[in-house]
Amino acid sequence: MPKDTDTITFRPMTSEDVGAVPIGHQGDEQEVRARIQDLGSSAILAFDAAQHVGQLQFRRYAADTRSPKGLWDPLYWGEFGSAAPALPDRSLSVYCYHVGQLDDTDDRDPRYQGRGIGLRLLDSFLAWAKQAGFEAVTAKATPTPRAVMAFMGGQPPKAYLARGFEVFSSVVDTELRDLVKDRQLVPADADLDSAARISYCVKFL
């Protein structure tokens with residue numbers, strides 16, 4: 001299999017995709033259909049021929065978003081707490097990336113990882129959002145250690161900064177810090193605060 005992304009195609013998810021591509025991390029069918037009707041899509045999808053191999057999910061930005069289960073709920077990606085910026089009504093939040101997702105499980109095919117698919121999902125999303133008339137995008141950038149990025153399903157700050165985002169706040173996520181330590185996602189002598197620092201980013205389109 002080639003290591004580049006020449007064989008991968010990207011497009012917005014539509015209502016016709018519900019039931020045909022994985023949506024377990026997006027919500028139930030009714031919720032996903034409602035989001036697509038509201039926004040025009042709920043994810044950018046990646047395909048290798050007809051095989052779904054990844055997606056970048058997004059939702060409408062809401063400053064009061066709170067996750068009921070911390071890291072273990074999709075709403076985590078839209079929660080900015082007291083740092084939440086005031087943004088135009090037509091703003092979106094980037095949620096999680098699922099590169100190598102072939103079905104509706106947590107399994108990931110490593111053949112699709114490390115090929116830049118996640119970054120192309122982000123680029124496709126930004127182009128779609130601008131064309132669709134959205135005015136701003138928020139995102140949570142993950143810490144830079146590769147194992148932490150892979151666990152969370154996100155991108156590091158440099159990926160967002162290179163695309164015109166600005167970091168408006170950063171925090172050490174204490175829940176993530178404990179998880180990084182317990183799962184030994186970084187070497188024993190690594191700075192755990194750095195390995196659990198989440199950057200809050202925003203881009204005006």
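The largest pocket holds about 890 Å³ of space. The model is a predicted one. In all, 32 residues line the largest pocket, and those nearest its centre are Tyr97, Ala150, Phe151, Met152 and Gly153. Two or more lining residues come from each of β4 (91–97), α2 (117–131), α3 (146–152) and α4 (157–161). The element that gives the most is α3, with 5 residues. Sorted by class, the lining of the largest pocket consists of 17 nonpolar, 9 polar and 6 charged residues.

**Strand β3 and its partners**

Strand β3 pairs with β2 (residues 43–48) in the antiparallel sense, over 6 bridges. In this pairing, aspartate 48 is placed opposite glutamine 51 of β3. Strand β3 also runs antiparallel to β4, to which 4 bridges join it. Arginine 59 has serine 93, in β4, as its bridge partner. Strand β4 is also among the elements that give two or more residues to the lining of the largest pocket.

Which strand holds valine 53? Valine 53 belongs to strand β3. Valine 53 counts as buried because its relative accessibility is 0%, and the cut-off for buried is under 20%. Beyond its neighbours within four places in sequence, valine 53 has contacts with Ile8, Ala46, Phe47, Asp48, His98, Val99, Gly100, Gln101, Leu102 and Tyr112. For one of these, leucine 102, the C-alpha atom is 5.2 Å from that of valine 53, although the two residues are 49 residues apart along the chain.

**Loop residues with positive phi**

Most residues other than glycine have a negative phi. Alanine 49 has a positive value, near 55 degrees, and so does glutamine 184, at about 55 degrees. Alanine 49 sits in the loop between β2 and β3, a hairpin with 2 residues between the strands. Glutamine 184 is located in the loop between α5 (174–182) and α6 (192–195).

Are alanine 49 and glutamine 184 buried or exposed? Alanine 49 is exposed because its relative accessible area is 67%, and exposed means over 50%. Glutamine 184 counts as exposed at 67% relative accessibility.

| Residue | Loop | Phi | Relative accessibility |
|---|---|---|---|
| Glutamine 184 | between α5 and α6 | about 55 degrees | 67% |

**Helix α1**

Helix α1 spans residues 29–39, and Val32, Arg35, Ile36 and Leu39 in it are buried. Viewed down the axis of α1, these buried residues fall within an arc of 100 degrees, so they line one face of the helix. Gln30 and Gln37 are exposed, on the other side of α1.

What covers the buried residues of α1? The cover includes β3, β4 and α2.

Technical notes
Residues are numbered from 1 along each chain as its sequence is written. This is a predicted model: local features need pLDDT of at least 70, side-chain atom pairs count only at pLDDT 80 or more; totals for chains, interfaces and linings use all residues. Side-chain values use heavy atoms; hydrogens and water are left out. On a 1 Å grid over the protein atoms alone, a cavity is a set of points where a 1.4 Å probe fits but cannot get out, and a pocket is an open set with protein on both sides within 12 Å along at least five of seven lines; lining residues have an atom within 4 Å of a point. Grid points are joined across faces, edges and corners, and a volume is the space filled by probe spheres set on the points. Ala, Val, Leu, Ile, Met, Phe, Trp, Tyr, Cys and Pro count as nonpolar, Asp, Glu, Lys and Arg as charged, and the others, Gly among them, as polar. Two strands pair if DSSP finds at least two bridges between them. Buried means under 20% relative accessible area, exposed over 50%, partly exposed in between (1.4 Å probe, protein chains only). Contact means heavy atoms within 4.5 Å. The arc is that of the directions from the helix axis to the C-beta atoms.
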